[in-house]
Amino acid sequence: MAEWSREERYRCIEDVDKKYLEILKQQVKASRFRQTFHIQPETGLLNDPNGLIYHNGKYYISHQWFPLGAVHGLKYWFNYTSDDLVTFEPQDTLIKPDTYYDSHGVYSGSAFEHNGDLYYMYTGNHRDEQWNRYASQMIAKVQNNGAITKFDAPVIPSQPEGYTSHFRDPKVFELNNEYYAIIGAQTNEELGCCLIYKTNDKQLNQWSYCGEIDTKLKNFGYMWECPDYFKLDSKDILLFSPQGIKPQGDQFRNIYQSGYLIGDLNFDSLSFDHSEFVELDNGFDFYAPQTFLDENGNRVLIGWMGLPEINYPTDEEGWAHCLTIPRVLSIENDQLRQRPFKGLERLRKNKETALGYANKFNRKLHPYEGKQYELIIDVIENDASKIYFELRTSKQNNTKIIYNTGDQKITLDRSESGLLPENVQDLTRSTVLDSPLTRLQIFVDTSSIEIFCNDGERVLTSRIFPNENATGIETSTETGQVYLKFTKYELKDE
Ligand code: FRU
């Protein structure tokens, strides 16, 4: 793809010729990789989910957006609303880079409710002429007519002493009737961490610095992006996206990670007694997740199905990325479980089921075709050494899920999935399940796959870019046989 100059990346959408945008829209619309039940940008690049909230009977889901092409440039927030978290109404740009403080990007942030009103706290990204970065945390209020009013000045003008200007992505939460903000940061020694601020000023203008969360991770990457904090079943969970972690066996193989710590966080001393960092997703494309409460009080997580610094096959078409489906979190055996949001069942159409044995001869179990579907595979009896599930198959393509019975390792093999993102290490991602494989629940969209293993024990999320005729579903084993039940639904947003 042609290089974008800095000038081109930092152009405002308002200054761009309408014709250019119209042509871009048409070009993107024609892409054969457009998703059908995921949030994706109409043009340009989507990254982090922002400002997730259920407020006054509606869901508000925004995301980082550079409208003009598939590169990281001047960021806006683009907003969707939803009644059910299943279908989403695109609205418009929500927060724009139109002040001195956010002149170089309205960066990530969160939503919160105060006195019945909806507010956002986000990072204003400013660069000076020498391209030095200045980060401040800003608040915007949503008026009754939906318009946004920004506070005149940042509520947190800069990072505290001892930290660099990599200081961003505030997540606001309420604790003991006070608002706190957790912010991703970097120490002067270039170590990633999270900082805590607190307000008890009802105007939300003054936020005081409480300190850095004292975790047991003393040297864990150079920057922690997009932190989130919440309580689940009386446990404290700190979720963040660290950068600069080296691969370790099957872990941490993507360019950047996202995961969580679970334990007890003392808000007076900020000391956090926690278990080890666990990755939230074991696929190729997952980053910067955020959580919020749904209308029933469930903790729901949505991530960016993409990563920075990777070239994706749709870049050439002028768009990139999508958000993941929502997942509901729970704690079981001191670990987070992630199950697909139940409301997604509303998209199910044309149920098909099949029951049968698969062995080392490639078997097509009916129902054996599809491009956008949910497939539930129950493993009823398994005497096979390895089970292969192949989805989106054609003569040229297949996306393989391999289960190795001996060590309970599950592998996603993207080597023959079709067009491949560039600058990605390896063609497989693997993780060892805690228990033998009994169920896979797989969501396939035109260019993505989200695999939930054993009722939310592990998730592997990836983009795939197969040929249009790659619709087959096949199963086989290495040796031995397996008795399976397939339940497949087409997924349609109608
Ligand atoms: C994470 C991130 C955030 C930042 C935003 C900018 O992907 O780098 O830290 O706020 O993206 O788009």
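Modeller: Start with helix α2, residues 18-29, in this predicted model. The helix has 12 residues, and at 1.5 Å a residue they should span 16 Å. The end C-alpha atoms are 16 Å apart, so expectation and model agree.

Now its sides. Leu21, Leu24 and Val28 are the buried residues of α2. They cover an arc of only 60° around the axis, so they sit on the same side of α2. That buried set packs against β20 (319-320). The face turned away from the buried side carries exposed residues: Lys18, Lys19, Ile23 and Lys29. Note Ile23 among the lysines there.

Next, the ligand. The residues around the ligand include Asn47, Asp48, Gln64, Lys75, Tyr107 and Ser108. Arg168, Asp169, Glu225, Tyr287 and Trp304 are also around the ligand. For Asp169, an N or O atom of the side chain is 2.5 Å from an oxygen atom of the ligand. For Arg168, the corresponding distance to a ligand oxygen is 2.8 Å. Glu225 places a polar side-chain atom 2.8 Å from an oxygen atom of the ligand. Taken alone, the ligand exposes 320 Å², and the protein buries 91% of that.

On to Arg458, in strand β31 (residues 458-463). Its relative accessibility is 14%, and therefore Arg458 counts as buried, the cut-off being under 20%.

- with the side chain of Thr431, at 3.0 Å;
- with the side chain of Asp434, at 2.9 Å.

Leaving aside residues up to four places away in sequence, Arg458 touches Thr431, Val432, Leu433 and Asp434 among others. Ile451, Phe452 and Cys453 are also among the residues it touches, as are Asn282 and Gln335.

Last, Cys193, in strand β11 (residues 192-199). At 2% relative accessibility, Cys193 counts as buried. With residues up to four places away in sequence left out, Cys193 touches Ile183, Gly184, Ala185, Gln186 and Thr187, among others. Tyr163, Glu212 and Trp224 are in that contact list too.

How values were computed
Residues numbered from 1 in each chain as written. Predicted model: local features only at pLDDT ≥ 70, side-chain atom pairs only at ≥ 80, totals over all residues. Heavy atoms only, no water. Helix = DSSP H or I, 4+ residues; strand = E, 2+ residues; numbered from the N terminus. Expected span 1.5 Å × (residues − 1). Buried < 20%, exposed > 50% of the residue type's maximum accessible area, 1.4 Å probe, protein only. Arc of directions from axis to C-beta. Contact = heavy atoms within 4.5 Å. Near = heavy atom within 4 Å. Polar contact = N/O pair within 3.5 Å; in protein donor to acceptor, adjacent residues only side chain to side chain. Areas by Shrake-Rupley, 256 points an atom, 1.4 Å probe, with all protein chains shown as cover.
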